[in-house]
Amino acid sequence: MATQGNNLSEYDKSRVPDAKEFRFGIVVAEWNEDITEGLFQGAFNALKENGVVNENIVRWNVPGSFELIYGCKKMQESYDMLDAIIAIGSVIQGETKHFDFVCEGVTQGIKDLNVQNDIPVIFCVLTDNNKQQSIDRSGGIHGNKGSEAGIAAIKMAQLRKDAR
Ligand code: DLZ
């Protein structure tokens, strides 16, 4: 039997719904591109492994994590047939307070989109103290948070369908 474990990053992959009929959007921030591309690959692969076809995955890029809010909002409006959207970004602590403002803004912004609109938006934004922590979580020794976001998107797409 699969166990949850103490590590919250461990999703139970045995209970992922079949996703072959679902459609997903992925919005990717270009800031810290090496990290966000790793996250994108993790999310994309997780969707494909669970039956999603290429034609049912749409990707948009935005400049930085702060722009994920507007990008996801416009994607919700432009593609109302989507079942879930994944917002991918990487914010890394610098010498100024910009880190705090971007993290706060994107977190609240994505939260607002989930409250106000019907297509769930999955929060896949790394907020790390240094680049190594981001590398470790985007396909490194601590796995890939993009993969977890892909699984979360499928589960939320199923929840939305069941709740109708
Ligand atoms: C300006 C900025 C800084 C300093 N750091 C990051 C970061 O670590 N990760 C990220 O995704 N974006 C960063 N940005 C850019 C902002 O997200 C945004 O693109 C600009 O403030 C313009 O709105």
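A residue here is buried if 20 or more other C-beta atoms lie within 10 Å of its own, exposed if 12 or fewer, and partly exposed in between, with C-beta atoms placed from the backbone. By that count Thr96, with 8 C-beta neighbours inside 10 Å, is exposed. This is a predicted model, where local features need pLDDT of at least 70, side-chain atom pairs count only at pLDDT 80 or more, and totals for chains, interfaces and linings use all residues. Residues are numbered from 1 along each chain as its sequence is written.

**Annotated positions**

Let's start with what the UniProt record says. Its positions are given in the numbering used here, its feature names are shortened, and its annotations may be inferred rather than shown by experiment. The unreviewed entry puts "active site" on His98. That residue belongs to helix H3, residues 98-116; helices (H or I, at least four residues) and strands (E, at least two) are DSSP runs, numbered from the N terminus. The unreviewed entry also gives "binding site" for Glu95, Thr96 and Arg137. Those three are spread over 43 residues of sequence and are also spread in space, up to 23.3 Å between C-alpha atoms.

Thr96 sits in the loop between S3 and H3, while Arg137 is in the loop between helix H4 (131-136) and strand S5 (138-140). Phe66 is in the loop between strand S2 (57-62) and H2. Here is how some annotated residues score:

| Residue | Other C-beta atoms within 10 Å | Class |
|---|---|---|
| His98 | 12 | exposed |
| Phe66 | 19 | partly exposed |
| Arg137 | 23 | buried |

A residue is near a molecule or strand if its C-beta atom, placed from the backbone, lies within 6 Å of it. There are 15 residues around the ligand, and Trp31, Gly64, Ser65, Phe66 and Val91 come nearest. Strand S3 (84-92) and H3 are the elements that give two or more residues to this shell. S3 gives the most, with four residues. By class, the shell has seven nonpolar, seven polar and one charged residues. For that tally, Ala, Val, Leu, Ile, Met, Phe, Trp, Tyr, Cys and Pro count as nonpolar, Asp, Glu, Lys and Arg as charged, and the others, Gly among them, as polar.

Gly64 also pairs up with Glu30: they are 34 residues apart along the chain, yet their C-alpha atoms are separated by 5.7 Å. Glu30 lies in the loop between strand S1 (24-29) and helix H1 (33-49). It has 14 C-beta neighbours inside 10 Å, so Glu30 counts as partly exposed.

**Helix packing and one more loop**

Axes are lines fitted to C-alpha atoms, for helices over the stretch in contact, and angles run from 0 to 180 degrees between N-to-C directions. The axes of helix H2 (residues 68-78) and H3 come within 9 Å and cross at roughly 15 degrees, which means H2 is roughly parallel to H3. The axes of H1 and helix H5 (residues 145-163) come within 6 Å, crossing at roughly 40 degrees, so H1 is oblique to H5. Angles under 35 degrees count as roughly parallel, over 145 as roughly antiparallel, 65 to 115 as roughly perpendicular and the rest as oblique.

Finally, Ile119 is in the loop between H3 and strand S4 (121-128). Ile119 is buried, with 23 other C-beta atoms within 10 Å. Ile119 and Leu82 are 37 residues apart in sequence and 7.0 Å apart in space, C-alpha to C-alpha.
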